[in-house]
Amino acid sequence: MPAHKTSAWPLAAVYVGLIVYASLYPFLGWRDQGVSPWVFLTAPWPRYWTAFDVISNVLGYMPLGFFMTLGALRTGHLRWAILLAVPTAAILSMAMETLQIYLPARVPSNLDLVLNISGAALGALVAWGLEKLGMLQRWSRFRANWFVPDARGALVLLALWPLALLFPTTVPFGLGQVMERLEATLADLLADTPFLEWLPVRDIELQPLWPVTEWLCVLLGVLVPGLLGYCIMAQAGKRLWFLIWMVMLGVGVSSLSATLSFGPEHAWVWLSESVRGALVVALVLLALLLAVPPRAAAALAVLALGVDLSLINQTSTDPYFEQTLFMWEQGRFIRFHGLAQWLGWLWPFATLLYVLSRVWGKEPRN
(Lines give C-alpha, C1' and ligand atoms only; values in the text may rest on other atoms or scores of the structure.)
Protein backbone atom coordinates (compact mmCIF):
# COMPACT_ATOMS: atom_id res chain seq x y z
CA MET A 1 0.00 0.00 0.00
CA PRO A 2 1.46 3.41 -0.91
CA ALA A 3 2.00 5.96 1.80
CA HIS A 4 -0.78 8.47 2.43
CA LYS A 5 -1.42 11.35 4.75
CA THR A 6 -3.69 10.16 7.54
CA SER A 7 -5.66 11.48 10.48
CA ALA A 8 -4.78 8.35 12.46
CA TRP A 9 -1.48 9.65 13.86
CA PRO A 10 -2.95 12.90 15.26
CA LEU A 11 -5.83 10.93 16.74
CA ALA A 12 -3.40 8.44 18.31
CA ALA A 13 -1.34 11.28 19.82
CA VAL A 14 -4.45 12.96 21.23
CA TYR A 15 -5.64 9.66 22.62
CA VAL A 16 -2.33 9.00 24.39
CA GLY A 17 -2.66 12.34 26.17
CA LEU A 18 -6.21 11.56 27.17
CA ILE A 19 -5.24 8.13 28.51
CA VAL A 20 -2.51 9.70 30.63
CA TYR A 21 -4.94 12.22 32.09
CA ALA A 22 -7.71 9.68 32.65
CA SER A 23 -5.29 7.21 34.28
CA LEU A 24 -3.75 9.69 36.71
CA TYR A 25 -6.77 11.83 37.54
CA PRO A 26 -7.15 13.57 40.02
CA PHE A 27 -3.36 14.14 40.27
CA LEU A 28 -3.69 14.81 44.02
CA GLY A 29 -2.01 13.36 47.09
CA TRP A 30 1.12 11.92 45.53
CA ARG A 31 2.96 9.88 48.15
CA ASP A 32 5.54 7.13 48.51
CA GLN A 33 4.13 4.03 50.21
CA GLY A 34 7.56 2.53 50.74
CA VAL A 35 6.90 -0.41 48.41
CA SER A 36 8.17 -1.22 44.96
CA PRO A 37 6.14 0.57 42.25
CA TRP A 38 5.96 -2.77 40.40
CA VAL A 39 4.55 -4.74 43.32
CA PHE A 40 1.19 -5.07 41.54
CA LEU A 41 2.80 -7.25 38.85
CA THR A 42 3.30 -10.16 41.26
CA ALA A 43 0.17 -9.53 43.33
CA PRO A 44 -2.75 -12.00 43.18
CA TRP A 45 -5.53 -11.27 40.74
CA PRO A 46 -8.03 -8.75 42.17
CA ARG A 47 -10.75 -10.46 44.15
CA TYR A 48 -13.42 -7.90 43.33
CA TRP A 49 -14.03 -6.76 39.78
CA THR A 50 -17.07 -6.09 37.64
CA ALA A 51 -18.00 -6.51 34.01
CA PHE A 52 -17.88 -2.72 33.75
CA ASP A 53 -14.23 -2.75 34.86
CA VAL A 54 -13.32 -5.37 32.26
CA ILE A 55 -15.18 -3.70 29.41
CA SER A 56 -13.92 -0.21 30.24
CA ASN A 57 -10.28 -1.34 30.40
CA VAL A 58 -10.51 -3.19 27.09
CA LEU A 59 -12.45 -0.48 25.28
CA GLY A 60 -10.25 2.23 26.77
CA TYR A 61 -7.17 1.02 24.88
CA MET A 62 -8.84 -0.30 21.72
CA PRO A 63 -8.80 3.09 19.94
CA LEU A 64 -5.07 3.49 20.65
CA GLY A 65 -4.25 0.13 19.05
CA PHE A 66 -6.62 0.89 16.18
CA PHE A 67 -5.27 4.36 15.40
CA MET A 68 -1.60 3.38 15.68
CA THR A 69 -2.06 0.35 13.43
CA LEU A 70 -4.16 2.37 11.01
CA GLY A 71 -1.49 5.08 10.91
CA ALA A 72 1.21 2.52 10.17
CA LEU A 73 -0.89 0.91 7.43
CA ARG A 74 -1.81 4.22 5.84
CA THR A 75 1.81 5.40 5.75
CA GLY A 76 3.05 2.18 4.15
CA HIS A 77 4.68 0.59 7.23
CA LEU A 78 2.92 -2.76 6.93
CA ARG A 79 5.54 -4.74 8.84
CA TRP A 80 5.37 -2.47 11.86
CA ALA A 81 1.60 -2.06 12.04
CA ILE A 82 0.67 -4.37 14.93
CA LEU A 83 4.27 -4.66 16.21
CA LEU A 84 4.27 -0.92 16.84
CA ALA A 85 0.81 -0.60 18.38
CA VAL A 86 0.74 -3.38 20.96
CA PRO A 87 4.17 -2.81 22.61
CA THR A 88 3.54 0.93 22.71
CA ALA A 89 0.20 0.37 24.44
CA ALA A 90 1.85 -2.12 26.82
CA ILE A 91 4.56 0.38 27.78
CA LEU A 92 2.00 3.15 28.24
CA SER A 93 -0.29 0.97 30.37
CA MET A 94 2.66 -0.26 32.44
CA ALA A 95 3.74 3.33 33.08
CA MET A 96 0.23 4.39 34.09
CA GLU A 97 -0.31 1.46 36.46
CA THR A 98 3.13 2.05 38.00
CA LEU A 99 2.42 5.73 38.62
CA GLN A 100 -1.00 4.95 40.11
CA ILE A 101 0.69 3.36 43.12
CA TYR A 102 1.68 6.89 44.20
CA LEU A 103 -1.93 8.18 44.00
CA PRO A 104 -4.31 7.45 46.90
CA ALA A 105 -7.38 7.66 44.66
CA ARG A 106 -6.12 5.06 42.18
CA VAL A 107 -5.31 1.37 42.56
CA PRO A 108 -2.80 -0.30 40.18
CA SER A 109 -3.82 -3.72 38.97
CA ASN A 110 -2.17 -6.47 36.98
CA LEU A 111 -5.61 -7.33 35.61
CA ASP A 112 -5.99 -3.78 34.28
CA LEU A 113 -2.59 -4.10 32.59
CA VAL A 114 -3.58 -7.32 30.86
CA LEU A 115 -6.95 -5.92 29.80
CA ASN A 116 -5.37 -2.74 28.47
CA ILE A 117 -2.89 -4.68 26.35
CA SER A 118 -5.68 -6.98 25.17
CA GLY A 119 -7.76 -3.96 24.17
CA ALA A 120 -4.89 -2.45 22.18
CA ALA A 121 -4.23 -5.80 20.48
CA LEU A 122 -7.93 -6.13 19.62
CA GLY A 123 -7.98 -2.61 18.17
CA ALA A 124 -4.86 -3.37 16.14
CA LEU A 125 -6.39 -6.58 14.78
CA VAL A 126 -9.56 -4.71 13.80
CA ALA A 127 -7.50 -2.17 11.83
CA TRP A 128 -5.47 -4.97 10.23
CA GLY A 129 -8.62 -6.88 9.34
CA LEU A 130 -10.21 -3.83 7.77
CA GLU A 131 -7.10 -3.37 5.65
CA LYS A 132 -7.17 -7.00 4.53
CA LEU A 133 -10.86 -6.68 3.61
CA GLY A 134 -10.12 -3.59 1.55
CA MET A 135 -12.10 -1.28 3.80
CA LEU A 136 -9.21 1.18 4.14
CA GLN A 137 -9.00 1.58 0.37
CA ARG A 138 -12.74 2.19 0.30
CA TRP A 139 -12.35 4.81 3.02
CA SER A 140 -9.59 6.47 0.97
CA ARG A 141 -11.88 6.64 -2.05
CA PHE A 142 -14.74 7.89 0.08
CA ARG A 143 -12.56 10.55 1.67
CA ALA A 144 -11.18 11.72 -1.69
CA ASN A 145 -14.72 11.92 -3.07
CA TRP A 146 -16.31 13.71 -0.12
CA PHE A 147 -13.66 15.92 1.44
CA VAL A 148 -11.02 18.40 0.38
CA PRO A 149 -7.44 17.04 0.37
CA ASP A 150 -6.31 18.85 3.55
CA ALA A 151 -9.25 17.77 5.70
CA ARG A 152 -7.32 15.91 8.40
CA GLY A 153 -7.66 18.55 11.11
CA ALA A 154 -11.41 18.89 10.72
CA LEU A 155 -11.90 15.12 10.54
CA VAL A 156 -10.01 14.68 13.81
CA LEU A 157 -12.12 17.37 15.47
CA LEU A 158 -15.36 15.90 14.13
CA ALA A 159 -14.32 12.46 15.37
CA LEU A 160 -13.67 13.88 18.86
CA TRP A 161 -16.88 15.92 19.04
CA PRO A 162 -19.15 13.00 20.11
CA LEU A 163 -16.65 12.01 22.82
CA ALA A 164 -16.65 15.59 24.09
CA LEU A 165 -20.46 15.49 24.36
CA LEU A 166 -20.30 12.49 26.70
CA PHE A 167 -19.24 14.66 29.63
CA PRO A 168 -22.18 16.40 31.35
CA THR A 169 -22.66 20.05 30.37
CA THR A 170 -24.67 22.88 31.88
CA VAL A 171 -26.37 23.38 28.50
CA PRO A 172 -26.90 20.65 25.88
CA PHE A 173 -24.09 20.91 23.29
CA GLY A 174 -22.57 23.64 25.50
CA LEU A 175 -18.88 22.75 25.29
CA GLY A 176 -16.03 24.97 26.47
CA GLN A 177 -17.34 26.17 29.86
CA VAL A 178 -13.97 26.66 31.57
CA MET A 179 -13.99 30.10 33.20
CA GLU A 180 -15.33 29.22 36.64
CA ARG A 181 -13.05 26.22 37.16
CA LEU A 182 -10.08 28.04 35.64
CA GLU A 183 -10.47 30.89 38.11
CA ALA A 184 -10.78 28.46 41.03
CA THR A 185 -7.73 26.48 39.90
CA LEU A 186 -5.60 29.59 39.49
CA ALA A 187 -6.67 30.83 42.91
CA ASP A 188 -5.65 27.51 44.48
CA LEU A 189 -2.31 27.49 42.69
CA LEU A 190 -1.49 31.08 43.66
CA ALA A 191 -2.72 30.80 47.25
CA ASP A 192 -0.23 32.10 49.84
CA THR A 193 1.85 33.74 47.11
CA PRO A 194 2.15 37.43 46.17
CA PHE A 195 0.96 36.55 42.66
CA LEU A 196 -2.58 36.01 43.98
CA GLU A 197 -3.04 39.80 44.02
CA TRP A 198 -2.40 39.87 40.28
CA LEU A 199 -5.28 37.50 39.60
CA PRO A 200 -8.11 39.46 37.95
CA VAL A 201 -11.23 39.58 40.09
CA ARG A 202 -14.68 39.89 38.57
CA ASP A 203 -16.86 42.70 39.88
CA ILE A 204 -20.01 40.62 39.32
CA GLU A 205 -20.47 36.96 40.16
CA LEU A 206 -21.28 34.54 37.37
CA GLN A 207 -25.04 34.24 36.92
CA PRO A 208 -27.30 31.40 35.72
CA LEU A 209 -28.22 31.54 32.06
CA TRP A 210 -31.41 33.25 31.00
CA PRO A 211 -33.72 30.91 29.03
CA VAL A 212 -33.12 32.85 25.81
CA THR A 213 -29.35 32.71 26.35
CA GLU A 214 -29.51 28.98 27.02
CA TRP A 215 -31.54 28.53 23.83
CA LEU A 216 -28.93 30.49 21.88
CA CYS A 217 -26.08 28.39 23.33
CA VAL A 218 -27.80 25.18 22.20
CA LEU A 219 -28.31 26.68 18.75
CA LEU A 220 -24.67 27.75 18.43
CA GLY A 221 -23.45 24.44 19.87
CA VAL A 222 -25.10 22.63 16.94
CA LEU A 223 -24.12 25.22 14.33
CA VAL A 224 -20.38 24.97 15.06
CA PRO A 225 -19.79 21.28 14.14
CA GLY A 226 -22.06 21.71 11.14
CA LEU A 227 -20.06 24.67 9.85
CA LEU A 228 -16.84 22.79 10.63
CA GLY A 229 -18.00 20.02 8.30
CA TYR A 230 -18.88 22.59 5.64
CA CYS A 231 -15.26 23.78 5.76
CA ILE A 232 -14.08 20.50 4.21
CA MET A 233 -17.06 19.72 1.96
CA ALA A 234 -18.10 21.89 -0.96
CA GLN A 235 -21.09 20.06 -2.48
CA ALA A 236 -24.53 20.83 -1.06
CA GLY A 237 -25.83 17.27 -1.41
CA LYS A 238 -22.95 15.81 0.60
CA ARG A 239 -23.30 18.53 3.20
CA LEU A 240 -26.97 17.62 3.63
CA TRP A 241 -26.12 13.97 4.33
CA PHE A 242 -23.40 15.06 6.74
CA LEU A 243 -25.85 17.38 8.51
CA ILE A 244 -28.40 14.60 9.02
CA TRP A 245 -25.86 12.16 10.46
CA MET A 246 -24.19 14.84 12.60
CA VAL A 247 -27.44 15.81 14.32
CA MET A 248 -28.47 12.18 14.83
CA LEU A 249 -25.07 11.41 16.36
CA GLY A 250 -25.14 14.50 18.59
CA VAL A 251 -28.62 13.71 19.90
CA GLY A 252 -27.73 10.05 20.42
CA VAL A 253 -24.54 10.78 22.35
CA SER A 254 -26.27 13.41 24.49
CA SER A 255 -28.88 10.83 25.42
CA LEU A 256 -26.13 8.32 26.18
CA SER A 257 -24.51 10.85 28.50
CA ALA A 258 -27.82 11.35 30.32
CA THR A 259 -28.23 7.57 30.54
CA LEU A 260 -24.77 7.13 32.05
CA SER A 261 -25.42 9.90 34.56
CA PHE A 262 -29.02 9.28 35.61
CA GLY A 263 -30.13 5.93 34.21
CA PRO A 264 -32.00 4.80 31.05
CA GLU A 265 -35.33 6.20 32.29
CA HIS A 266 -33.84 9.72 32.11
CA ALA A 267 -32.15 9.37 28.72
CA TRP A 268 -34.25 12.11 27.11
CA VAL A 269 -34.69 14.45 30.06
CA TRP A 270 -32.29 16.95 28.46
CA LEU A 271 -34.38 17.21 25.28
CA SER A 272 -36.80 19.87 26.50
CA GLU A 273 -39.13 21.89 24.31
CA SER A 274 -36.63 24.76 24.25
CA VAL A 275 -33.77 22.46 23.21
CA ARG A 276 -35.93 20.89 20.48
CA GLY A 277 -36.74 24.37 19.18
CA ALA A 278 -33.06 25.33 19.10
CA LEU A 279 -32.23 22.11 17.23
CA VAL A 280 -34.88 22.80 14.62
CA VAL A 281 -33.68 26.38 14.08
CA ALA A 282 -30.06 25.18 13.84
CA LEU A 283 -31.07 22.63 11.21
CA VAL A 284 -32.94 25.27 9.22
CA LEU A 285 -29.99 27.67 9.33
CA LEU A 286 -27.52 24.96 8.31
CA ALA A 287 -29.85 23.92 5.48
CA LEU A 288 -29.96 27.54 4.26
CA LEU A 289 -26.14 27.59 4.33
CA LEU A 290 -25.67 24.42 2.29
CA ALA A 291 -24.27 26.38 -0.66
CA VAL A 292 -21.98 28.70 1.33
CA PRO A 293 -18.29 28.59 0.26
CA PRO A 294 -15.93 26.70 2.63
CA ARG A 295 -14.07 29.85 3.66
CA ALA A 296 -17.32 31.64 4.42
CA ALA A 297 -18.38 28.63 6.51
CA ALA A 298 -15.13 28.92 8.45
CA ALA A 299 -15.75 32.63 9.04
CA LEU A 300 -19.27 31.92 10.29
CA ALA A 301 -17.87 29.20 12.56
CA VAL A 302 -15.42 31.72 14.06
CA LEU A 303 -18.33 34.08 14.77
CA ALA A 304 -20.50 31.30 16.25
CA LEU A 305 -17.69 30.04 18.46
CA GLY A 306 -16.85 33.53 19.69
CA VAL A 307 -20.43 34.24 20.74
CA ASP A 308 -21.00 30.77 22.18
CA LEU A 309 -17.84 30.75 24.31
CA SER A 310 -18.54 34.26 25.54
CA LEU A 311 -22.08 33.40 26.61
CA ILE A 312 -21.40 30.03 28.20
CA ASN A 313 -18.40 31.30 30.17
CA GLN A 314 -20.48 34.04 31.76
CA THR A 315 -22.72 31.53 33.50
CA SER A 316 -22.25 29.69 36.78
CA THR A 317 -22.80 25.99 37.47
CA ASP A 318 -25.92 25.26 39.52
CA PRO A 319 -26.01 22.75 42.44
CA TYR A 320 -27.86 20.18 40.28
CA PHE A 321 -25.07 20.26 37.72
CA GLU A 322 -22.42 20.08 40.45
CA GLN A 323 -24.08 16.92 41.75
CA THR A 324 -23.88 15.43 38.25
CA LEU A 325 -20.17 16.22 38.08
CA PHE A 326 -19.67 14.61 41.48
CA MET A 327 -21.20 11.39 40.16
CA TRP A 328 -18.65 11.33 37.34
CA GLU A 329 -15.69 12.41 39.47
CA GLN A 330 -16.27 9.98 42.34
CA GLY A 331 -18.33 7.21 40.78
CA ARG A 332 -17.53 4.44 38.37
CA PHE A 333 -16.96 6.93 35.53
CA ILE A 334 -13.76 8.21 37.12
CA ARG A 335 -11.83 6.31 34.44
CA PHE A 336 -13.44 8.47 31.76
CA HIS A 337 -13.82 11.65 33.75
CA GLY A 338 -10.56 13.28 32.76
CA LEU A 339 -10.74 12.15 29.15
CA ALA A 340 -14.27 13.39 28.51
CA GLN A 341 -13.87 16.52 30.63
CA TRP A 342 -10.80 17.77 28.79
CA LEU A 343 -12.41 17.10 25.44
CA GLY A 344 -15.48 19.05 26.53
CA TRP A 345 -13.32 21.94 27.71
CA LEU A 346 -10.83 22.14 24.86
CA TRP A 347 -12.76 21.04 21.78
CA PRO A 348 -14.26 24.50 21.03
CA PHE A 349 -10.89 26.24 21.43
CA ALA A 350 -9.12 23.73 19.18
CA THR A 351 -11.92 24.16 16.64
CA LEU A 352 -11.58 27.93 16.87
CA LEU A 353 -7.88 27.71 16.01
CA TYR A 354 -8.66 25.40 13.10
CA VAL A 355 -11.39 27.52 11.52
CA LEU A 356 -9.24 30.64 11.95
CA SER A 357 -6.53 28.88 9.94
CA ARG A 358 -9.16 28.14 7.29
CA VAL A 359 -10.17 31.77 7.13
CA TRP A 360 -6.56 32.92 6.75
CA GLY A 361 -5.42 30.08 4.48
CA LYS A 362 -6.11 29.24 0.88
CA GLU A 363 -9.61 28.42 -0.32
CA PRO A 364 -9.89 24.59 -0.22
CA ARG A 365 -10.73 22.72 -3.40
CA ASN A 366 -12.53 19.48 -3.98
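Q: Why is R358 called buried?
A: This is a predicted model. In the model, R358 has a relative accessible area of 6%. Buried means under 20%, so R358 counts as buried.

Q: What makes D150 partly exposed?
A: D150 has a relative accessibility of 46%. Partly exposed runs between the buried cut-off of 20% and the exposed cut-off of 50%. Therefore D150 counts as partly exposed.

Q: How do you know that D150 and R358 form a salt bridge?
A: Their side chains meet at 3.5 Å, N to O. A salt bridge needs a side-chain nitrogen of Lys or Arg within 4 Å of a carboxyl oxygen of Asp or Glu, so the pair of D150 and R358 qualifies. The structure holds 1 salt bridge.

Q: Which parts does the pair of D150 and R358 tie together?
A: D150 lies in the loop between α5 (135-146) and α6. R358 lies in helix α13 (residues 334-360). The pair therefore ties together parts that are 208 residues apart in sequence.

Now the aromatic rings.

Q: How many aromatic pairs does a search of the whole structure find?
A: The search finds 3 aromatic pairs. One of them is formed by F66 and F67.

Q: Why is the pair of F66 and F67 called edge-to-face?
A: The centres are 5.8 Å apart, and the angle between the planes is 75°. Rings pair if their centres lie within 6.5 Å, and planes over 60 degrees apart count as edge-to-face. So F66 and F67 form an edge-to-face pair.

Q: Are F66 and F67 buried or exposed, or in between?
A: F66 has a relative accessible area of 21%, so F66 is partly exposed. F67 has 18%. That value is under 20%, so F67 is buried.

Q: What makes the pair of W161 and F173 stacked?
A: The ring centres are 6.3 Å apart, and the planes stand at 15°. Planes under 30 degrees apart count as stacked, so this pair is stacked.

Q: Where do W161 and F173 lie?
A: W161 is in helix α6 (residues 152-166), and F173 is in the loop between α6 and α7 (179-189). The pair therefore ties together parts that are 12 residues apart in sequence. Both W161 and F173 are buried. Together with W270, W161 and F173 form one aromatic cluster.

Finally, the cysteines.

Q: Why do C217 and C231 count as buried?
A: C217 has 0% relative accessibility. C231 has a relative accessible area of 0%. Buried means under 20%, so C217 and C231 are buried.

Q: How many disulfides does a search of the whole structure find?
A: The search finds 0 disulfides.

How values were computed: Residues numbered from 1 in each chain as written. Predicted model: local features only at pLDDT ≥ 70, side-chain atom pairs only at ≥ 80, totals over all residues. Heavy atoms only, no water. Phe/Tyr/Trp six-rings, centres within 6.5 Å; stacked < 30°, edge-to-face > 60°. Buried < 20%, exposed > 50% of the residue type's maximum accessible area, 1.4 Å probe, protein only. Helix = DSSP H or I, 4+ residues; strand = E, 2+ residues; numbered from the N terminus. Disulfide = S-S within 2.5 Å.
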